[in-house]
Amino acid sequence: MKFAIQINEGPFTHQAADTAYQFTKAALENGHEIFRVFFYHDGVNNGTMYGVPPQDDRNVQALWSDLAEKHDLDLVVCVAAAQRRGIMDEDEAKRHGKGASNIAPKFRISGLGQLIEAGIQAERLMVFGD
Amino acid sequence: MSVTKKFTYINRKAPYGSVYALESLEVVLIGAAFEQEVQLVFVDDGVYQLTKGQSTDGIGMKNFSKTYAALGDYDVNQIYVCEQSLADRGLTLDDLQALTYEDEDDDWAEKSSMNLVNREQLADLISDADVLLNF
Amino acid sequence: MSTLHTVNKSPFERNSLDTCLLLIKNDSTVLLIEDGVAGALQNTTASQSISDAMGEGVKFAVLGEDLNARGLSADRVIDGISVVDYAGFVQLAVDHDNVQNWL
């Protein structure tokens, strides 16, 4: 089955990104396909490069980047939500005159259309949030 | 895209206390370009999103309530409001904006987009949706 | 279409489980996850509404990993609620026609 995953909340404050990660991992391990993982609302904060959580706990961003690397996942951070919350890639940073980009490896910034497309192309959309 | 799916948005939260009402509306507007079938459901505190006369100067936040009135122009004209959620909150349909659309199959006659529904009808809406979006 | 409903909030924190059960069709399944696992326990003020829904044919499941995380053993779960793992969660999504994620 082809899944689309929507994550509405940021790392650590809610379990959403963790549950989504465990679900995604289980889906992949059982032979299913992940069409896209779309980060919306505070979920964009899962894609920040500068988090340094305590060593004895999971690094939510790194878990997603690593999973994406291993399985060639499409991790999309919504541009509108990202602009509100200060997540930028090189293009966005340049366009808005910000010092540097802070988007984590394997995440890309794109529009809300990517979420709608995921809803159309996937067989199931799973929403993880608050 | 040749596939047409029924996209049903479930709105259960009041506006302004959290960002979900605003940002879910932004999904609806972008989604309009994809020519899918769109249904908006307002249940629980979601009914507050549609109240008339919202004035946000005092709280310093952007008043986005006018955007609901524009939904008809985006071919979003299936608005379902839970009548029990209204009643529980001491509200009636009169307290809400009367959203409309222009029916191109009927000489652009202005028609109401609003549907007051009971729980059984809402259960059917959820059961029949292809894609359910929650915020 | 048969729907998989997920509920991630405790019935003592939010009305999501209540609303879910008011708007559910009898061929659906409810999976309790995250803080929602609180709704799966016997002898709570929420247990009756779950039993009533089960009586109407609604199936219930609870995510074992979230029960364990909260120190809640499987033997405290209402009879008839199956304990599943993440693979089971995925399978439930596959087996139903659509998914409603109550937040």
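This is a predicted model: local features need pLDDT of at least 70, side-chain atom pairs count only at pLDDT 80 or more; totals for chains, interfaces and linings use all residues.
Two strands pair if DSSP finds at least two bridges between them.

**Stop 1: strands of chain C**

Select Thr29(C). Opposite Thr29(C) stands Lys59(C), a residue of β3(C). β2(C) and β3(C) are joined by four bridges, and their pairing is parallel. Together, β2(C), α2(C) and β3(C) form a β-α-β unit, and the unit is right-handed.

Stay on β3(C), residues 59-63. Is this strand mostly covered or mostly open? It is mostly covered, with four of its five residues buried.

Next, select Ala61(C). Its opposite number is Ser82(C), in β4(C). Three bridges link β3(C) to β4(C), residues 82-84, and the two strands run parallel. Bring in helix α3 of chain C, residues 64-69. β3(C), α3(C) and β4(C) make a right-handed β-α-β unit.

**Stop 2**

Click Leu31(C), which sits in strand β2 of chain C. Why does Leu31(C) count as buried? A residue needs 20 or more other C-beta atoms within 10 Å to be called buried, and Leu31(C) has 27. Show its contacts beyond four places in sequence: Leu4(C), Thr6(C), Ala61(C), Leu63(C), Phe89(C) and Leu92(C). Then draw a line from Leu31(C) to Ser82(C). These residues are 51 apart along the chain, and their C-alpha atoms are separated by 9.2 Å.

Move on to Ala38(C). You will find it in the loop between β2 (29-32) and α2 (47-55) of chain C. Ala38(C) counts as buried because 21 C-beta neighbours lie inside 10 Å. Which residues does Ala38(C) touch, leaving out those up to four places away in sequence? They are Ser10(C), Pro11(C) and Phe12(C).

**Stop 3: where chain C meets chain A**

Show chains A and C together. Eleven residues of chain C and 14 residues of chain A take part in the contact. On the chain C side, α4 and β5 (98-102) each supply at least two residues. The largest share, six residues, comes from α4(C). By class, this side of chain C has nine nonpolar residues, one polar and one charged.

Colour the contact residues. From α1(A), pick Gln22(A), Phe23(A), Ala26(A) and Ala27(A); from α4(C), pick Tyr86(C), Ala87(C), Phe89(C) and Val90(C). Seven of these are nonpolar, one is polar and none is charged.

**Stop 4: the sheet of chain A**

In chain A, look for an open sheet of five parallel strands, in the order β4-β3-β2-β1-β5. Which strands are at the edges? They are β4 (107-110) and β5 (124-128) of chain A, each pairing on one side only. On average, neighbouring strands of this sheet are turned by 25 degrees against each other, direction ignored.

Zoom in on β3(A), residues 75-78. Four bridges pair it with β4(A) in the parallel sense. Select Cys78(A): its bridge partner in β4(A) is Ser110(A).

**Stop 5: strand β1 of chain B**

Switch to chain B and select β1(B), residues 6-11. Five of its six residues are buried, so the strand is largely enclosed by the rest of the structure.

Select Phe7(B). Opposite stands Val38(B), in β2(B). β1(B) and β2(B), residues 37-42, run parallel and share six bridges. With α1(B), residues 20-31, these two strands make a right-handed β-α-β unit.

Then select Tyr9(B), which stands opposite Leu133(B) in β7(B). Here four bridges join β1(B) to β7(B), residues 131-134, and the strands run parallel.

**Stop 6: where chain B meets chain A**

Bring chain A back. 17 residues of chain B are in contact with 15 residues of chain A. On the chain B side, α1 and β7 are the elements that give two or more residues. α1(B) gives the most, with six residues. Finish by colouring this side of chain B by class: eleven nonpolar, three polar and three charged residues.

Note on methods:
Residues are numbered from 1 along each chain as its sequence is written. Chains are lettered from A and ligands numbered from 1 in the order in which they are written. A residue is buried if 20 or more other C-beta atoms lie within 10 Å of its own, exposed if 12 or fewer, and partly exposed in between; C-beta atoms are placed from the backbone. A crossover is right-handed if, with the strands pointing away from the viewer, the path from the first strand over the helix to the second runs clockwise. Two residues are in contact if their C-beta atoms, placed from the backbone, lie within 7 Å. Ala, Val, Leu, Ile, Met, Phe, Trp, Tyr, Cys and Pro count as nonpolar, Asp, Glu, Lys and Arg as charged, and the others, Gly among them, as polar. Axes are lines fitted to C-alpha atoms, for helices over the stretch in contact, and angles run from 0 to 180 degrees between N-to-C directions.
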